Amino acid sequence: MSEQKKPPKSRVFFVGMKLLHKPGNKPPQEKNSFFHTYYKWLLWLSLSLYFFTSYLITSNPNTTPTSPDTSSHVSNSESHAVPRALMDSETNSLGVLKNLKMFVYELPPKYNTHWLANKRCGNHLFASEVAIHRALLTSEVRSFHPYEADFFFVPVYVSCNFSAVNGFPAIGHARSLISSAVNLVSMEYPFWNRSKGRDHVFVASHDFGACFHSLEDAAIADGIPQILKNSIVLQTFGVVHRHPCQDVENVVIPPYVSPESVRSTLENFPVNGPREIWAFFRGKMELHPKNISGRFYSKRVRTDIYRKFNGDRRFYLQRHRFSGYQLEIARSVFCLCPLGWAPWSPRLVESVALGCVPVIIADGIQLPFSSTVRWSKISLTVAERDVGKLGKILERVAATNLSDIQRNLWDPRTRRALLFNEEMEYGDATWQVLVSLSEKLHRSYRTFSGSDELQSDT
Ligand SMILES: *[C@@H]1O[C@H](CO)[C@@H](O)[C@H](O)[C@H]1NC(C)=O
Ligand SMILES: *[C@@H]1O[C@H](CO)[C@@H](O)[C@H](O)[C@H]1NC(C)=O
Ligand SMILES: *[C@@H]1O[C@H](CO)[C@@H](O)[C@H](O)[C@H]1NC(C)=O
Ligand SMILES: *[C@@H]1O[C@H](CO)[C@@H](O)[C@H](O)[C@H]1NC(C)=O
C-alpha cells in the first residue's frame, strides 16, 4: 500500500478534482488518493465479476449466446423453458414482470402519432404496432429513467400509409422511417451505441414481419434491414423452421383485433351460446388464383376448400367482405384459418376470442405465445395437403373431443391472451409480450453489465 500512496495518476486526478472545487477550498489530498485507490478496486472487482458472469453465460450450452455476432442466428428462442404457472398466479399484480423496466422513446410525431389522423391506423389488423406502444405508455413496467431500463421501445408506426388505390398499407417507406428513427435515438441518447441495439425493441406487424414486404419472394430477397439485425422484433410472422424473415431475436405476436368489438359481439352472443354454423370461412377465396411471380395466393388452399366444400350444407363459405362477420364467428363451431400470403391471419385471434374452434391450415406456422397458450388443446391443425378431407376430420372431432377443446378454448384466460387492450391487463397480449421479453433479460445492458455504477461512471 505504501508504494501506492502517491501513484503518478493521482496528479491528473488531483487537477481534475481541483476544477470541481471552489477556489477557496483546500482539496483534501490524502482523502482523494484513498478514494482513487478505492474506486480502482471497485472497478477491478466489477470488471472481474462481469467477465466471470459473462463466461458463465456464454459457456452454458442451454443459454442463448450473448455475443452480438452469434445472436442473429438465434431465431426462435421461444424454446426457453417458460413457467406454465404464469397464467395461474394471480397473486401479485405484476408478478413475474415486477423486475422488468422498459424505457419508451419519445419520438417526433412523424414517426408515430401523426399517422393516427387516419382512424384506421389504430384499428386494422397490423395495428399491434400502435396498441403495444399505447399499452406500454401507461403500464407499470414503463420507466422514465433510461439508465434503469432493461429494454428500449422504439415506437415507429410503419403500417398506416394506406394506399389510395386499394386501401392496403403501403410499407415501402418502412425501412427508411425505421432507420431514420434509429439514427435519431442513436444521436440523442447513448443507449443504442452502448449495446448496438441489442436491448432495443421494435414491432413489425406485417405479412413477413421485419422483411417489410407482403410477397414472400420479395420479402426474402430484401431480408431484414441490417439496422434491426441486433435488436428484438415483435412480429406477427413466424414459422417453426428457419426463415430469413425471422433471422433476428423475435417474439411472435398475434395480429390486432379490437377488444371492444370482441366485447360487444360477446354481449349478444356469449361463447357458450348456440352455434348454428358448423364450419365457417369468410374472405378472399379465388376460383382461379393468379400466378404472381410463380406463387398462388394461399398456395391455392383456399381455392381447394371452396371447390370441394362450397355447396356442402355443413360449410358456410363466403367470399365477400361483410362488416358483421364477427357475429358469424360467434355463431360457428369451427372456424377455418387457412394461410393467405403469409401463414398467419387475424382469424386466429377472432376465433379464439369469440370461442370458435380455430382450424389452422398453414404448414409450419409458429403460433403466438405458444409457451403460454396451449394451442394443441384449443385448436385443430390440418395439413395443407389434407384440406380435401376437412369434412371427415371435423366430423371425427365433433363426435369425439369437441367439447374438451371448447372447454379449454372458452377459458377466459385463453381468450384474453391474444387481445391488446388499450391499457394492459393481466394476462392480455401486451402482458404476454412482456413475459416473453422478461425471458430475454440476458440482453439487458443493465443486467448484462452487472454494475450500475460502472455504467454511469463511464
Ligand atoms: C406513402 O406511400 C406512397 C405509395 O403508396 C408513397 O409514394 C409515399 O411516399 C408514402 N408516404 C410516406 C410519408 O412515406
Ligand atoms: C453513436 O454512434 C454514431 C455512429 O458512430 C455517432 O454518429 C453518434 O454520435 C453516436 N451517438 C452518441 C450519443 O454518441
Ligand atoms: C407461374 O409463373 C411462373 C413464371 O412467373 C412459371 O414459371 C410457372 O410455370 C407458372 N406456374 C404455373 C402452375 O402456371
Ligand atoms: C382431439 O382429437 C384429435 C384427433 O381426432 C387429436 O388430434 C386432438 O389432439 C384432440 N384434442 C384434444 C384437446 O383432446
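Residues are numbered from 1 along each chain as its sequence is written, and chains are lettered from A and ligands numbered from 1 in the order in which they are written. The secondary structure comes to 18 helices and twelve strands; these are DSSP runs numbered from the N terminus, with helices being H or I of at least four residues and strands E of at least two.

- The mean pLDDT of the chain is 82, and 77% of its residues reach 70 or more; pLDDT is the predictor's confidence in each residue, from 0 to 100.
- Over residues 1–40 the pLDDT is below 50, and beyond near neighbours in sequence this stretch has 16 contacts in the model.
- Residues 47–92 also have pLDDT below 50, with 51 contacts beyond near neighbours in sequence.
- Where pLDDT is low, the predicted coordinates should not be read in detail.

**The chain as a whole**
- Of the 458 residues in the chain, 37% are buried. Buried means that 20 or more other C-beta atoms lie within 10 Å of the residue's own, with 12 or fewer counting as exposed, anything in between as partly exposed, and C-beta atoms placed from the backbone.
- Take the contacts with a separation of 6 or more: 69% of them join residues 24 or more positions apart. A contact needs C-beta atoms, placed from the backbone, within 7 Å.

**The β1 to β5 sheet**
- Five strands make an open sheet in the order β1-β2-β3-β4-β5, with parallel pairing; two strands pair if DSSP finds at least two bridges between them.
- β1 (102–104) and β5 (249–252) stand at the edges with a single partner strand each, so one side of each has no neighbour in the sheet.
- Ignoring direction, neighbouring strands here are turned by 30° against each other on average. Angles run from 0 to 180 degrees between N-to-C directions, using axes that are lines fitted to C-alpha atoms, for helices over the stretch in contact.
- β1 pairs with β2 (residues 151–153) over three bridges, and Phe103 stands opposite Phe152 in β2.
- β4 and β5 pair over four bridges, with Leu234 opposite Val251 in β5.
- Glu249 and Val251 point one way from β5, Asn250 and Val252 point the other way, and all are buried.

**Helix α16**
- In α16 (residues 429–438), nine of the ten residues are buried, among them Trp431 and Leu434.
- Those buried residues pack against α4 (128–138), β2, β3 (200–204), β4 (232–235) and β5.

- β6 (residues 277–282) and β10 (residues 332–338) pair over three bridges, and Ile277 has Ser332 as its bridge partner in β10.

**Ligand sites**
- Around ligand 1 are Asn161, Ser163, Ala170, Gly172 and His173, each counted as near if its C-beta atom, placed from the backbone, lies within 6 Å.

Key. This is a predicted model: local features need pLDDT of at least 70, side-chain atom pairs count only at pLDDT 80 or more; totals for chains, interfaces and linings use all residues. Two residues are in contact if their C-beta atoms, placed from the backbone, lie within 7 Å.
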